[in-house]
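Take a look at the chain shown below. This report walks through some of its charged pairs, its surface and its backbone.

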Amino acid sequence: MQKNTIKIFILSYFLLVPPIGIQAFSFTDSANLFNINLNLMIKPEAFAASRATLLDNNVSYDLFWFIRHTADIMLSAIDTIRIIEFSVVLRNKTVWGNYGSVGKTSKSTIKLIDTVTGDHNHALLRNYFHARELWLRIDISKIFCMPINTSHFLTIGSFPFQLGRGIALGDAFAVGPETLGFYSDTAVDQFAYGLLFSGDICKDVAKYSLYFELVETKTDSFASTGEKVRAQQYGRQKDPERGFGVLNYIVAGNVNWYVFISEQWGSLRFQPYWLFNESKEQTVEFPGDASSRLGTLGLECEYLGPKVEFGIEGACNLGAQYVRGWDRDAVVFKAPNGLVAQMNSHVVDSTGANIPFISNGDAQNAIFAVPQTEAENGKQIPGDFPMVGFFEPLNGEIFNSKNRFRDPYQNTYKGWMLVSDASWWVYKKDVRISATVAYASGDDNPNFDTMDRDFTGFIGLQELYSGTRVKSAFLLGGAGKVVRPIANPIDVETSNVLTKTVSGFTNLIFGGLGVSWTPSNWEKPFKLNPNILVYWQDKTVPIFVLAGPAPRASRYLGVEANVFIECNIAKNLKLFCVSSVFVPGTFFKDIAGRRADQALLDQEDLLDVTGFTKDTVPKFGHDTAFTFNAGLEYRF
């Protein structure tokens with residue numbers, strides 16, 4: 001495998017296409033009423049990785065290589081008195097040879113007879129451009145001829161917006177299918193749609209922003225409001241429709257206060273911010289079985305001086321997730337004795353065999369009539385049922401399974417985070433040394449039992465933070481962040497429970513150092529930036545045991561070393577290379593052999609027609625991982 005990896009890394013340098021494009025231009029109409037600007041960017045790049053997903057050398061297929069390009073067409077128009085501005089950015093991103101990489105339809109469920117089973121989506125096989133950014137900005141103070149010396153703007157459409165460093169709220173609304181462990185600074189393929197009011201509180205001293213984002217709506221059609229997604233909710237059997245007003249939206253605001261800006265002392269800026277997110281349909285176990293109200297308060301500070309720079313940001317979560325009372329019994333397909341049939345998922349006989357679903361049958365009516373409460377779990381369902389369809393329950397008795405009902409409960413948000421970094425210019429503006437420390441609180445998965453609790457893991461929205469002055473290219477790099485196992489239930493009946501995972505800036509502690517060298521006397525701009533980071537978890541996972549208390553794994557995740565290289569080899573043409581090595585720590589040694597989260601398994605045995613490979617899920621290891629990315633970026 002090592003020889004194959006080296007060959008792939010070498011090939012990646014040479015299988016890059018030269019950029020080809022048209023010179024950008026700016027146009028002003030004859031009446032001098034507006035300006036139109038056109039800019040284009042193309043970035044072909046190659047990627048290679050070894051053991052970057054599961055850190056296990058025994059998983060022979062955890063080795064991949066591909067070529068991809070990203071092309072943007074940026075068109076903007078503004079009137080000469082700068083009252084109205086319009087901008088659109090069209091993007092095409094394609095993995096060469098993988099025609100389904102351009103885009104896919106959203107997942108749709110399949111219903112056969114009375115059973116909703118599985119989901120599917122389809123690749124879009126045309127190499128199309130889509131709107132990454134599309135917005136209109138209006139200068140309110142000018143258009144209404146306000147007699148004030150401050151400016152105020154309204155921006156409408158799809159555009160980037162973030163709070164602070166983009167940890168509490170980032171702009172990663174729609175992110176491309178980046179590969180785990182790869183850094184990408186153009187990962188966001190579409191920005192969210194919303195409204196932004198912004199402007200000056202005091203000119204050159206304080207600026208404000210008030211932002212609204214519509215994340216998702218379920219009120220746009222009769223099909224959406226009438227969709228029967230609540231039938232399993234306590235008390236909603238006869239009223240299963242979703243109803244009106246199910247939205248997921250974000251309201252946020254900030255103030256940028258510039259304490260001072262001077263050539264001698266540099267600049268100091270404070271940004272207090274807040275956000276509120278209401279999501280009326282979340283998924284814990286079933287679509288729509290929970291809702292959430294999340295608030296976040298934060299403060300960012302940035303100082304930029306002639307010799308020293310530093311920044312610090314902290315935030316805390318407020319609010320709660322409200323998990324609805326739910327009847328887990330659903331109609332599913334099973335194959336008892338090789339006979340495919342509709343079955344009740346959480347109603348059994350005394351031997352534990354599932355009871356068939358017979359619409360309007362006596363047994364089914366009795367199943368529906370059971371009081372919806374956890375107190376009924378494991379209890380016999382009243383009645384005598386010698387035959388249910390093709391099945392003969394032992395002694396004519398049927399029972400609720402031990403976990404059929406889930407009572408409502410609440411998870412109160414109490415997470416927090418703090419990140420800080422600093423830089424020192426040690427030689428002119430050529431050499432800079434940087435350091436960073438960060439802490440994002442974590443917690444066990446709160447949805448393994450039905451009790452009110454505090455959830456202390458930090459929750460960020462649309463976050464893609466990978467460092468500011470010290471960058472991560474592997475564990476936090478771009479959209480394809482490496483997943484990290486978190487707590488799973490200690491199930492003494494089976495060891496095949498799939499591990500739950502997290503990624504990004506949560507349940508994480510790290511510190512790091514970086515050096516940046518940008519020689520000012522070189523004819524062609526060049527930058528070399530190596531970094532090293534050490535990672536720990538805040539709340540680590542229990543190690544599975546069949547009996548006795550479960551010890552917890554080590555908190556030490558490992559060490560990442562990476563290097564970023566950039567060189568402008570021609571005007572507007574940049575050659576870049578990003579490589580990284582991750583050496584797993586004792587945490588991954590402790591959990592080695594644990595099954596991977598289903599979210600990692602793209603193939604899911606869909607193409608296996610033998611039935612032999614069922615439940616062969618790969619497991620985590622603790623071997624060193626490597627990633628490599630090289631390419632060209634041409635802007636014109």
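The side chains of Arg 432 and Glu 309 form a salt bridge, with 3.7 Å from N to O. Arg 432 belongs to strand E25 (residues 431-440) and Glu 309 to strand E16 (residues 308-323), so this pair ties together parts of the chain 123 residues apart in sequence. Keep in mind that this is a predicted model.

Are these two residues buried or exposed? Arg 432 counts as buried, because its relative accessibility is 14% and the cut-off for buried is under 20%. Glu 309 is buried as well, at 13%.

## Salt bridges

Side chains of opposite charge can pair when their charged atoms come close. The structure holds 30 salt bridges. One of them joins Glu 302 and Arg 165, at 2.9 Å from N to O. This pair also links distant parts of the chain. Glu 302 sits in strand E15 (residues 290-304), while Arg 165 sits in the loop between E8 and strand E9 (174-175). The two residues are 137 residues apart. Glu 302 is buried, with a relative accessible area of 12%. Arg 165 is buried too, at 9%.

Another salt bridge joins the side chains of Arg 242 and Glu 227, again with 2.9 Å from N to O. Both residues lie in the loop between helix H3 (222-225) and strand E13 (247-262), so the pair ties together parts 15 residues apart in sequence. Arg 242 is buried, at 7% relative accessibility. Glu 227 is partly exposed, with a relative accessible area of 39%.

| Pair | N to O distance | Separation in sequence |
|---|---|---|
| Arg 432 and Glu 309 | 3.7 Å | 123 residues |
| Arg 242 and Glu 227 | 2.9 Å | 15 residues |

Which residues are linked in a network of salt bridges? They are Arg 165, Glu 302, Glu 309, Asp 421, Arg 432 and Arg 469.

## A nonpolar patch

Now turn to the surface. Ile 84, Phe 86, Leu 134, Leu 136, Ile 143, Phe 144, Met 146, Ile 148 and Tyr 193 form a nonpolar patch there. Together these residues have about 760 Å² of accessible area. Strand E4 (84-95) and strand E7 (130-139) each supply at least two residues of the patch.

Pick out Phe 144 in the patch. Phe 144 lies in the loop between helix H2 (140-143) and strand E8 (152-158). Its relative accessible area is 60%, so Phe 144 is exposed.

## The second largest pocket

Next comes a pocket. The second largest pocket holds about 540 Å³ of space. It is lined by 29 residues, and the closest to its centre are Gln 162, Asp 171, Asp 185, Val 188 and Leu 464. Strand E3 (63-79), E4 and E7 each give two or more residues to the lining. How many lining residues are nonpolar, polar and charged? The lining divides into 9 nonpolar, 11 polar and 9 charged residues.

## Backbone points

Most residues other than glycine have a negative phi. Leu 55 has a positive value, with phi near 55°. Find Leu 55 in the loop between strand E2 (34-50) and E3. Leu 55 is buried, at a relative accessible area of 2%.

Asn 507 also has a positive phi, near 50°. Asn 507 is in the loop between strand E28 (501-502) and strand E29 (508-517). With a relative accessible area of 3%, Asn 507 is buried.

## Two C-alpha distances

Gly 266 lies in strand E14 (residues 266-282). Gly 266 counts as buried, at 12% relative accessibility. Its C-alpha atom is separated by 7.4 Å from that of Tyr 303, which is 37 residues apart along the chain.

Pro 371 lies in the loop between helix H4 (362-368) and strand E21 (399-400). Pro 371 counts as partly exposed, at 48% relative accessibility.

How values were computed. Residues numbered from 1 in each chain as written. Predicted model: local features only at pLDDT ≥ 70, side-chain atom pairs only at ≥ 80, totals over all residues. Heavy atoms only, no water. Patch = residues over 30% accessible without salt bridge, like charges linked within 9 Å, V, L, I, M, F, W, Y side chains within 5 Å. Areas by Shrake-Rupley, 256 points an atom, 1.4 Å probe, with all protein chains shown as cover. Salt bridge = Lys/Arg side-chain N within 4 Å of Asp/Glu carboxyl O. Helix = DSSP H or I, 4+ residues; strand = E, 2+ residues; numbered from the N terminus. Buried < 20%, exposed > 50% of the residue type's maximum accessible area, 1.4 Å probe, protein only. 1 Å grid on protein atoms, 1.4 Å probe; cavity = no way out; pocket = protein on both sides within 12 Å on 5 of 7 lines; lining within 4 Å. Points joined across faces, edges and corners; volume = space filled by probe spheres on them. Nonpolar A, V, L, I, M, F, W, Y, C, P; charged D, E, K, R; others polar.
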